[in-house]
Amino acid sequence: MRRLLAPLLVAGILSGCGIVYKQPIYQGSLVEPEAVGQLQAGMSKQQVVGLLGTPSIADPFHHQRWDYTATQRNNRRGHTEIKNLTLWFDSDRLTRWDGEYFPEQNEELAAEMRKFGNLPRERRR
């Protein structure tokens, strides 16, 4: 009995120390830096959807504002980092955009997801 008690006690103590791997969680829109770089004032909503995809938040009270929101949590303590890219339209034409996103993580995550078939593969040139 004493032989089992020591390993069980050590395993119990180590399980709550953060040594155990916790998978990072990414949620929201994958916004690629190249797509944001191609944004231009005067673009139509269809052109923006072609570049960035549909917005993650469709606000019924502000039809002329689109929000691309993404969150990431990398640690066990529950600290969540939130990034928001906001686009404003006037008469269905893009007027300005502001905010931030996860450019490095988005590229890495997009490459990882393409391996599993969750995103379209890039065409070979």
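This is a predicted model: local features need pLDDT of at least 70, side-chain atom pairs count only at pLDDT 80 or more; totals for chains, interfaces and linings use all residues.
**Leucine 87.** Setting aside neighbours within four places in sequence, I found leucine 87 in contact with Leu39, Val48, Leu52, Gln64, Arg65, Trp66, Tyr68, Leu94, Arg96 and Trp97. I then asked where leucine 87 is found, and the reply was strand S3. Is leucine 87 buried or exposed? I read a relative accessible area of 0%, so leucine 87 is buried, the cut-off being under 20%. I also looked up proline 55, which lies 32 residues from leucine 87 along the chain; their C-alpha atoms are separated by 9.4 Å.

**The sheet.** Next I traced the strands. I found four of them in an open sheet, ordered S1-S2-S3-S4, with antiparallel pairing. From one strand to the next, I noted an average twist of 15°. How many bridges join strand S2 to strand S3? I got nine, between residues 65-73 and residues 80-90, with the two strands running antiparallel.

**Aspartate 67.** My last stop was aspartate 67, in strand S2. Its bridge partner in S3 is threonine 86. Aspartate 67 is buried too, at a relative accessible area of 7%. Which side chains make polar contacts with that of aspartate 67? I noted arginine 65 at 3.2 Å and asparagine 84 at 3.5 Å. Leaving out neighbours within four places in sequence, I listed Pro55, Ser56, Ile57, Asn84, Leu85 and Thr86 as the contacts of aspartate 67.

Definitions and conventions:
Residues are numbered from 1 along each chain as its sequence is written. Side-chain values use heavy atoms; hydrogens and water are left out. Two strands pair if DSSP finds at least two bridges between them. Helices (H or I, at least four residues) and strands (E, at least two) are DSSP runs, numbered from the N terminus. Axes are lines fitted to C-alpha atoms, for helices over the stretch in contact, and angles run from 0 to 180 degrees between N-to-C directions. Buried means under 20% relative accessible area, exposed over 50%, partly exposed in between (1.4 Å probe, protein chains only). Contact means heavy atoms within 4.5 Å. A polar contact is a pair of N or O atoms within 3.5 Å; within protein, one must be able to donate a hydrogen and the other to accept it, and residues adjacent in sequence count only if both atoms are side-chain atoms.
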